[in-house]
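Please read them with the structure open.

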Amino acid sequence: MNTIILSEKDIARAINRISHEILERNKGAENIALIGIRTRGVTFSNRLQKKINCFENTEVAIGALDITLYRDDLGVGLQKPELKKTEITFGLEGKHVILCDDVLFTGRTIRAAIDALIDFGRPASVQLAVLIDRGHRELPIRPDYVGKNIPTPKSKRVQVFLKEIDDEDKVIIQGQGK
Amino acid sequence: MTQTTTLSPRNIISMENLTADDIDTILDTADSFKEISTRAIKKVPTLRGRTIINLFFEPSTRTRTSFEIAGKRLSADVINISGAASSTVKGESLIDTVKNLEAMNPDILVVRHNCSGAPALITQYINRPIINAGDGTHEHPSQSLLDLLTIREHKGDLKGLKVTIVGDITHSRVARSNICAMQTMGMTVKLVAPPPLLPAGIEQLGVEVCHDLAKGIKDADVIMILRIQLERQNQGLLSSLREYSNYFCLTEEHLSNVNSDTLIIHPGPVNRGIEISLDVMEGSRSLILNQVTNGVAIRMALFYLLLGESDANSN
């Protein structure tokens, strides 16, 4: 059973709103940097950047983070997560970093991402933007910007499709159970 | 969901055991690891609490340091043991030495030995992943992998490239690993050397053989120069180093007759002026130091891909 919970238009509106919220909270685009978590967090951050650039007529710094090397579940078996590139070409010192990911679930990915970020320098602050917050946190982590809160049973799977990767924009819930 | 990768062999002994997919996986992983070495803080926590033992029975600067740095940048604990400082000088056998090391629960062993086949032998006695860091005149897989990464970075794709390997093929484990790996990746290999430095029947490996340097490198995309192994030249194979140099030293003059985008690589250490002239070595086509940089990334990738079964140590 697949249920569509966000359509293409819903996603576009959420990204518009989050872009405004980021600007409102940080009083403009000065000193902010967007960092997307691979894979779909990067797409999400690219779209936010486009909006913010357009609203403020500026060029916001952007980077991509692969958190594989910081995971807490490596070492089980020989199947290794495919390692992709981390690209952060600017200093984080004094920057307000907005971490971007598609789905916030246990919070373990974000824990790994924060650890990775700190290895690059000392940002002025780290904020978190997610397209979907589905609950079930296992660590004390909360998002600052949320596209949509979707209370879900743990057994179900939330999947985000973004055009740049998946040819269409939508968010669905998969699976049985409650 | 996250894509996963895995290597088919558990040990890295010979390039023969690696498929083209395995090699692609290692090169792609290494490519992602390169960025870590450019950070101010060159360390990730991935292998925290893991132990790597470098067991070197032969002298080495580059390879040993490279494996050590690779392990440390992944936060593993790295122990270096050199042959001269180990109990083997008291008469302990190789197998007893590694069994004792295994009893201290390392997660991986990196072995260099002057006897061909020593790392393969060790795999029969201990239950840990082994990386061959060069065994006698047999193979040097991590060198071959870093060569391939360096070539791929500059040429984009490995398939169809023409490589000419020049020098002491008989004694070269680098040549043997590369002949095998390059053919796996769809490259063609030509060998250039005086007859005494070519093993009889080497053509059976599917390589072309040539005794003239200028002819041999004519349409090469990559020229790999090998070191004349001075420590192995007491067998009367060459009448003199100067004579070798006259015929086989790669100079600027040779390069004026090859493609302008031909790359020059050399596994090091270099005998300046014997197998390669100073200006070629330091010229713009020479990737010798890029190879060394890539070596760290390749070894990080090997550790990352091989170290998985923390549970495999339990009985």
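1. Is strand 2 (residues 51–56) of chain B mostly covered or mostly uncovered? This strand is mostly covered, with 5 of its 6 residues buried. Buried here means 20 or more other C-beta atoms within 10 Å of the residue's own, exposed means 12 or fewer, and partly exposed lies in between, with C-beta atoms placed from the backbone. Helices (H or I, at least four residues) and strands (E, at least two) are DSSP runs, numbered from the N terminus.

2. On the source: this is a predicted model, in which local features need pLDDT of at least 70 and side-chain atom pairs count only at pLDDT 80 or more, while totals for chains, interfaces and linings use all residues. Residues are numbered from 1 along each chain as its sequence is written, and chains are lettered from A and ligands numbered from 1 in the order in which they are written.

3. Strand 2 of chain B pairs in the parallel sense with strand 3 (residues 77–82) of chain B over 6 bridges; two strands pair if DSSP finds at least two bridges between them. Phe56(B) stands opposite Ser82(B) in strand 3 of chain B. Strand 2 of chain B also runs parallel to strand 4 (residues 108–113) of chain B, joined by 5 bridges. There, Leu55(B) has Val111(B) as its bridge partner.

4. Between the chains, 18 residues of chain B are in contact with 17 residues of chain A (contact: C-beta atoms, placed from the backbone, within 7 Å). On the chain B side, strand 1 (4–5), helix 1 (20–33) and helix 11 (288–306) each give two or more residues. Strand 1 of chain B is joined to strand 4 (residues 80–81) of chain A by 2 bridges, and these two strands run antiparallel. Lys80(A) stands opposite Thr5(B).

5. The largest nonpolar core has 134 residues, and among those touching the most other members are Leu99(A), Val166(B) and Met300(B). Such a core is a set of buried Ala, Val, Leu, Ile, Met, Phe, Trp, Tyr and Cys residues joined through C-beta atoms within 7 Å. Helix 11 of chain B gives the most to this core, with 10 residues.

6. Lys159(B) sits in the loop between helix 5 (141–155) and strand 6 (162–166) of chain B. Lys159(B) is exposed because 10 other C-beta atoms lie within 10 Å. Leaving aside neighbours within four places in sequence, Lys159(B) is in contact with Met185(B) and Gly186(B).

Methods:
Two residues are in contact if their C-beta atoms, placed from the backbone, lie within 7 Å.
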